[in-house]
Amino acid sequence: MPATARPLSPHLSIYRWQIQMVTSILHRATGIALAAGTILLVVALLALASGPEAYAKVQAFCASWIGLLLLFGWTWSLAYHLLNGIRHLLQDAGLGYLPAQFVRNGWLVVAGSLVLTALVWVCVFAQRGGA
Amino acid sequence: MSNLRTPLKNALGLGSAKQGAHHFIVQRLTAVALLFLSLWFVWTVLGALHGDYAAARALVAQPFNAVLMLAFIVAVFWHAQLGLQVVVEDYVHTRWLEVALQIAIKFLCFLGGAASALAVIRIALGR
């Protein structure tokens with residue numbers, strides 16, 4: 001912490017929760033979660049390169065309830081970070097800063113991330129049903 | 001007000017290094033790449049999910065998929081390093097811990113990327 005105790009600006013506990021701050025916080029949180037998720041990416045690719053036994057272990061982990069829970073969380077994190085990332089790129093171009101637009105786009109991203117996640121998992125379970 | 005620098009900064013030669021926007025630009029560049037690559041990645045994983053080992057390996061071994069997977073790996077780990085760097089800059093205020101974390105993040109992201117890339121290359125070359 002800083003050596004001098006200067007007054008701080010109001011923080012999370014002071015403000016009323018609103019979509020503007022939630023989307024920002026979630027972008028960071030999902031980014032951190034996805035960075036952690038790269039561990040599974042590395043493990044899965046190394047397993048795929050090394051042989052069927054290692055790959056079967058990764059598959060078994062992914063099919064376990066903790067694996068499914070993590071994969072579901074990472075799916076939503078990716079969907080959210082992707083859509084909110086597009087929103088950020090548009091904001092970098094100077095678009096969508098009017099309060100009404102900002103709030104609307106925030107909800108669009110949240111709703112879109114849920115739709116994308118549902119779409120992916122419908123594909124997952126439809127394939128399993130068909131196989 | 002033609003010069004915003006203090007006289008001391010001028011005397012010490014501590015001006016702009018002309019790289020102030022580099023982090024910003026690379027973060028966005030990798031983001032645009034990941035926009036496409038992550039959708040392709042999810043699509044590819046969905047295709048390999050319920051197949052067996054040989055099918056998954058054959059899928060990644062296809063030249064088109066192997067190249068995109070390498071691009072995905074580079075963009076993911078680069079983007080992750082840049083993002084985690086900002087999180088540590090914002091929230092970790094103990095200097096030694098901040099430096100240690102920044103170094104650890106860079107090392108881990110490079111190792112993760114290198115290991116993944118080697119795996120894809122082994123698969124693509126059939127070794």
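Biologist: How do you know what pattern chain A follows along the sequence?

Modeller: Helices are DSSP runs of H or I with at least four residues, strands are runs of E with at least two, and both are numbered from the N terminus. By this rule the secondary structure of chain A comes to four helices and zero strands, and the pattern read along the sequence is α-α-α-α. This is a predicted model, in which local features need pLDDT of at least 70 and side-chain atom pairs count only at pLDDT 80 or more, while totals for chains, interfaces and linings use all residues. Residues are numbered from 1 along each chain as its sequence is written, and chains are lettered from A and ligands numbered from 1 in the order in which they are written.

Biologist: What makes H1(A) roughly antiparallel to H2(A)?

Modeller: Helix H1 (residues 19-50) and helix H2 (residues 52-63) of chain A pack at about 150°, with axes 6 Å apart. The axes are lines fitted to C-alpha atoms, for helices over the stretch in contact, and angles run from 0 to 180 degrees between N-to-C directions. Angles under 35 degrees count as roughly parallel, over 145 as roughly antiparallel, 65 to 115 as roughly perpendicular and the rest as oblique. H1(A) is therefore roughly antiparallel to H2(A).

Biologist: Which residues of H1(A) and H2(A) meet, and how do they divide by class?

Modeller: A:Val43, A:Ala44, A:Ala47, A:Leu48 and A:Ser50 in H1(A) meet A:Ala54, A:Tyr55, A:Lys57 and A:Val58 in H2(A), contact being C-beta atoms, placed from the backbone, within 7 Å. This contact has seven nonpolar residues, one polar and one charged. Ala, Val, Leu, Ile, Met, Phe, Trp, Tyr, Cys and Pro count as nonpolar, Asp, Glu, Lys and Arg as charged, and the others, Gly among them, as polar.

Biologist: What makes chain B more spread out than a compact globule?

Modeller: Chain B has five helices and zero strands. Its radius of gyration is 20 Å, well over the 14 Å of the globule rule for 127 residues, so chain B is more spread out than a compact globule. The radius is taken over C-alpha atoms, and the rule is 2.2 Å times the number of residues to the power 0.38. The C-alpha atoms of chain B fill a box of roughly 65 × 30 × 25 Å along the principal axes.

Biologist: Which element gives the most to the side of chain B that touches chain A?

Modeller: In total, 26 residues of chain B are in contact with 27 of chain A. H5(B) gives the most to that side of chain B, with seven residues. The side comprises 17 nonpolar, six polar and three charged residues.

Biologist: Where in chain B is confidence lowest, and where is it highest?

Modeller: pLDDT is the predictor's confidence in each residue, from 0 to 100. The lowest mean, 78, belongs to helix H1 (residues 7-12) of chain B, and the highest, 98, to H5(B). Chain B has a mean of 92, and the model scores ipTM 0.89 and pTM 0.89.

Methods. Two residues are in contact if their C-beta atoms, placed from the backbone, lie within 7 Å.
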